[in-house]
Amino acid sequence: MYSLRMRAEKEGMHVSGAERLVETIQEVQKLTRELIKRPKAFDKIVITLEKVEKIETVPKALTIYSYDFKCVEDAHNFAVEKLKEEGIKEEVARLALELLKNGPNPKGGNMRGAVLMDVETGERLEPDKERGIRTVRVDWKNRRSIEQRLKERGIKRYYINRLLDALALATKNVYCGVISELCWSDDPDYTTGYVAGKNIGYIRIKPMKEYGVPLGGRVYFVRKDNLHQLIECLEKRSVLVEGL
Ligand code: COA
Ligand code: AMP
């Protein structure tokens, strides 16, 4: 198989990214054409194609749930309750919410990946706090059929691509050993976020931030031991999610 990745920059800033795990060079050609149409505006697109020796599979994605609230505060309180069900202490969950609210990059603004937060102490464990850790090399075994099933479940078109990417990513995270995850986008127009975990599933929550706010990010709640293996899994192992 091949790992096909696209990233786009405008004025030195990352503006778009997408990836696929594909079986044949014909598919690589087809998907490259599709992926380079993704960024609305760019100065540079980088396509990376790598051979993948070993593929791991996860039979079933985290189960999807969706909740809407009338304000961010209610949404955040609900997120804390759900994280508690995964064993995250309230003070650690609130620390993570504050981090994303204020922008998790110590130099201000967003990071280029996720925060790794010690589930016991709330300490940040990612080696580079401006960069964070990115989950890559993850895809659906049959993206088209999953897309179709999400449509049948009444998920609106606007949400489908993001949901497909974020659900596969959250499923891989749990597979690698992330205990739980908190996320909302840095896209000012997109206020739906989520919490995810092995027991709670993938819980979409709206609104996790006010409309127009350009700050967001991801916090992975993790155990301090085996950090090296966890990072290796998130960044390097190739995982296909088979079904919903
Ligand atoms: N955010 C910000 N900057 C990013 C980035 C991201 N998601 N991905 C890449 N970059 C930039 C960074 O400057 C990075 O340098 P760094 O490693 O010092 O941070 C540089 O591009 C090179 O990154 P690299 O890791 O070599 O990119 P890649 O070829 O492995 O591609 C993507 C990674 C783009 C496929 C991945 O980040 C991505 O966007 N995945 C798909 C979408 C997704 O899962 N989004 C989140 C869920 S909705
Ligand atoms: P997005 O959902 O794409 O708006 O991304 C929200 C935040 O998640 C970004 O600001 C990054 O900090 C982080 N992020 C983006 N891509 C990844 C990834 N592949 N793995 C982990 N974190 C990511």
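The legends below describe close-up views of a predicted model.

**View 1. Residues around ligand 2.**
The shell around ligand 2 is made up of 13 residues, and the closest include Gly113, Thr135, Ser185, Asp186 and Arg218. Sorted by class, six residues of this shell are nonpolar, four are polar and three are charged. Strand E11, which covers residues 217–222, supplies three residues, the largest share of the shell.

The side chain of Ser185 has an N or O atom 2.7 Å from an oxygen atom of ligand 2. For the side chain of Arg218, the distance from an N or O atom to an oxygen atom of ligand 2 is 3.0 Å. Met111 takes part through its backbone, where an N or O atom lies 3.2 Å from an oxygen atom of the ligand. Ligand 2 taken alone exposes 490 Å², and the protein buries 78% of that area.

**View 2. Helix H5 and the residue that follows.**
Helix H5 runs over residues 157–176, 20 residues in total. Its first and last C-alpha atoms are 29 Å apart, close to the 28 Å expected at 1.5 Å a residue. A kink of about 30° in H5 is centred on Leu163. The helix is mostly covered, with 14 of its 20 residues buried. Just after H5 comes Gly177, which has a positive phi of about 115°.

**View 3. Arg5 in strand E1.**
Arg5 belongs to strand E1, residues 2–10. Arg5 counts as buried because its relative accessible area is 18%, below the 20% cut-off. Its side chain makes a polar contact of 2.9 Å with the side chain of Ser3. A polar contact of 3.3 Å also joins the side chain of Arg5 to that of Glu50.

**View 4. Ile146 in helix H4.**
Ile146 sits in helix H4, which spans residues 143–152. With a relative accessible area of 2%, Ile146 is buried. The C-alpha atom of Ile146 is 9.0 Å from that of Glu242, a residue 96 positions away along the chain.

Key. Residues numbered from 1 in each chain as written. Chains lettered and ligands numbered in written order. Predicted model: local features only at pLDDT ≥ 70, side-chain atom pairs only at ≥ 80, totals over all residues. Heavy atoms only, no water. Near = heavy atom within 4 Å. Polar contact = N/O pair within 3.5 Å; in protein donor to acceptor, adjacent residues only side chain to side chain. Areas by Shrake-Rupley, 256 points an atom, 1.4 Å probe, with all protein chains shown as cover. Helix = DSSP H or I, 4+ residues; strand = E, 2+ residues; numbered from the N terminus. Nonpolar A, V, L, I, M, F, W, Y, C, P; charged D, E, K, R; others polar. Expected span 1.5 Å × (residues − 1). Bend = angle between axes of the 7 residues up to and from the residue. Buried < 20%, exposed > 50% of the residue type's maximum accessible area, 1.4 Å probe, protein only.
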